[in-house]
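Subject: Structure for you to look at

Hello,

I am passing on the structure we talked about, and below it you will find my notes. Please keep the model open while you read, so that you can follow each point.

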Amino acid sequence: MERESSSNNEQDEWSASECGFNDPEVQRVMRGGSAAEDITQYPIHGWVDVTQEFHEACAELLPGELAQDMLFGLFEAMSAIEIMDPKMDVGMGFDKFDLPPPSFEAAVAMGAIKLDALEPAELIGIFDALFACLVSWLEGNSMDQVLFTCLYLHAPSQIQDKALRVFCIAVRNLIVVIKNIIILAAVNEEEDFQLYGNSALLAAEKAQPATIAGQLKDVEDELVRKCKKLPPAEDQNLMAVVHRLRFMRHLFQAIYQVELMASAESAEEAVNEIYKNLNVASELLPLIKRTIERGTQPVEGSEAPNPMGFSPRIHDRSQPPTFPRSIKIRERPASYQFLEEMVARFKYACKVIRHKDYYSALVSSSWLSSGILFYLSCLLQNFFIEYSRKSGHCILSRSVLQNLFSSSIRVAHGKQSMKRFLRHSVQAFNSPPVLNLKHPVASDPKVQQHLETFFRYCINMNTFNQFIRLCGFNRARQRDKLAHLIENFDPLQVDAVRLDSLMNQMANERAMEGNELHATALKHSTHFSTWVLYNCFRAMLIYLMSGFELELYAVHEFLYIYWYPYEFLVGFLVSALTRTENILLAQEEYAEHQSKMQVNGGGGGAGGKSRKAAKPKKNKKQQRPYRQEIIYYHALLSLCGGMYKAMGALTKDGRVRLPMSKFDNEEIRYNRRFAPFVPLTSPPPVSYVEFKSIRDHMMLCSVEELYSMAAKHFDQARNVLESIQNPEQEILDLLQIARTNFVVMNVLARGHQKEVKRQPEFDFSKHSYFPIMKLK
Amino acid sequence: MSELSISGNQVQPQQQPTSTIPEPFRVTTNAPQMSDVNLTPGRRKLQKWLGRVLRIVITDGRVLVGFFNCTDRDANIVLSMCAEYLVEGQEPRLLGNVMVAKKHIVSLNIDEPTPSSSLLAQ
């Protein structure tokens, strides 16, 4: 009550106009001055020096006291640029006697840049510097402050040297193409990438991306011919130029084709073509890296990436005032390293897209192979998640994958691509008979209608679409968006449950009608709700665990973060998968039973048929591709359990630094951490009180007991992980984590370092979810 | 939470040094409702200047002209709708909100009607 009344008082005192949230333009108007006041028209009366007076007046203020305009608020305070701050103040360091930074025309007139007959060393220097600028642009800098500091890019048509001209034209076109790809994928955020730059400069000469490869090829051939005439010792530099031109050509072609894929007819062909180009590009990179020092190098202490052709501060004063002042352009070797990794990521993306296409074509013909597709769609989703982890901050890599994926499902499934994709996804997950086009029940109009409604709803909710798209964003944004996505799963779950119960209801009706085949196909189906739940659980798990990667959690919070997946999430996932497996096995048995009945009914004459009936048994192993995943989640479960108990033990042992109780409220922190899960009805949210009672119960054990319980969990994890055949790198890393933590827990259980209660180090370098605990 | 409210003038200092006068923590503002007859002369001056146009010459020779928005005991100044002149009279660059720390301030001029207003300060 008291709080309410005080806030009322405040409202009386401060009307909205005085809180300072309006933009300055509006403020001036409100104050009654003329609209759109122009600061440049001042002084109206004349300047009066108040330096001394002002300082004396300020001295009367108390420490922390402000003399502030009635419209001044936190927003104004936060958005102010600090003058003379080297990072914020673009205007800093200008001398009024300085010449303005040279423009293209000025530089030509002064003879500062050569337009013709450039030495190979000069060309190498400029090319390398331009690649460095390109990389710096992709890293999020404004193109004006990196790429367009190169004067040659301003007017390539005026360059006489053919190699340089064509290269510059290629860079300009590359800029346009890359921009298009990133806009199309729309997974960029302001912190990743600056879309907007001085478009006037780009517009000056028209982009013709289709002609670039040919032009580059011409110059290459010309230079190669020139090389042949030179004595063998002298052609090295020229060959280095050729390699750069060739690299540019293949890189350009690969990226350009990604853009074209949006409208391509055949995804397969395009991806193959892209892959080929990438291959050549990656083969050229080592050659280029070896010849970096053959080019002219940037002058020590200069901001220009190359001695000739760059005017670093040319656009500084045309930038928005809030732009960072100084840009660090990547060094050349590091830039090529970046390009090398980027090309490798593109190749990786192509590979998976190719496989996916292949298998999805395979799967629509028979539901037996759906297991394979499920495995692949899992792989695909895992792949998206994995890819996003690897490419983290490279916006182009992330955009390219999104484009490749969306155009390949478009090509594979035609117009209603997303619906088909979702159907496949469910079919692949647990192959409900209603989705099997060969099954007679699939043609039941009522069934079709219900399915149609459900999928349309899914598409309208956009949840699954979002899930894949979301993986394209940078990691921090991803988590943010996941929180909203999780919320969306709730209505979907409701709808899926409704669909399942409708199916069951229809099963009863059909059974009454005596249509046993249809009844069995429809009965006991929890297909759709399981599918939705499974996806929801995965999103929740990623959300929770990504906090470790982003270093959001304090060590004393680890306990409940690991507790939740241990107690609930991973267990849910395992049970969802097990349920699915059981449904599938039951279906398979029924199908077998049916075919046997048919065989028996048709008489013993058909030997071929009986062989057919025996076949599914052979496939049983293929039928259980979830085994792998279930085992993986079992390992995750043990690891979470181990970490949970380990944190409990460490906390009880006094080895975890806790916040001062005066400033601490664990309940608030707990509620915040799990806030996105609250809107879900299933799984139901777990209140802090429940958590607390579970933890208190655990904490009754002695420290030694807790340590050995944790050790037991890690041991279990190790056993499970060791049982996996042909383990991937991730499994090996987890194995190492489980082993090491097992040893550490045992050591602590035996009372090692009992006197020194130091917090162990948590090293997340092996895996982003689980640390290796290290005693110092 | 009310003791943390932005309006500041209700806030009691947490720890008062015994030597100084127990004056409540305060914000001097030119908001019409807040007119306080007991302001010290310096505060009164600042109150008068708030919202006026201020010209600051800083250590590297640039001139910043903007609306005087806020200052503190150390004479750190916030200007809004600020224009930056490399050379006065030439085309300025518009910066928006800026904060100038005391150590960079060379001189301050206020746009004020005075009898001697025809004399332009350097």
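The expected span of a helix is 1.5 Å times one less than its number of residues. Please bear in mind that this is a predicted model. Helix α18 of chain A, which runs over residues 475–513, has 39 residues and reaches 54 Å from its first C-alpha to its last, close to the 57 Å expected.

The domain assignment places domain 3 of chain A at 449–552 and domain 4 of chain A at 554–776. In the contact between them, 21 residues of domain 3 of chain A meet 20 residues of domain 4 of chain A. On the domain 3 side, α18 and α20 of chain A each supply at least two residues, and α20(A) gives the most, with 13 residues. That side divides into 12 nonpolar, six polar and three charged residues.

The backbone also has some details to look up. The peptide bond between Tyr42(A) and Pro43(A) is cis, with omega about 5 degrees, and Pro43(A) is found in the loop between α2 and β1 of chain A. Another cis bond leads from Ser682(A) to Pro683(A), with omega near 0 degrees.

Finally, Asn726(A) has a positive phi of about 45 degrees although it is not a glycine. Is Asn726(A) buried or exposed? Asn726(A) counts as exposed because it has 5 C-beta neighbours inside 10 Å, and a residue is exposed if that number is 12 or fewer.

Best wishes

Notes:
Residues are numbered from 1 along each chain as its sequence is written. Chains are lettered from A and ligands numbered from 1 in the order in which they are written. This is a predicted model: local features need pLDDT of at least 70, side-chain atom pairs count only at pLDDT 80 or more; totals for chains, interfaces and linings use all residues. Helices (H or I, at least four residues) and strands (E, at least two) are DSSP runs, numbered from the N terminus. Domain bounds come from an automatic or database domain assignment. Two residues are in contact if their C-beta atoms, placed from the backbone, lie within 7 Å. Ala, Val, Leu, Ile, Met, Phe, Trp, Tyr, Cys and Pro count as nonpolar, Asp, Glu, Lys and Arg as charged, and the others, Gly among them, as polar. A residue is buried if 20 or more other C-beta atoms lie within 10 Å of its own, exposed if 12 or fewer, and partly exposed in between; C-beta atoms are placed from the backbone.
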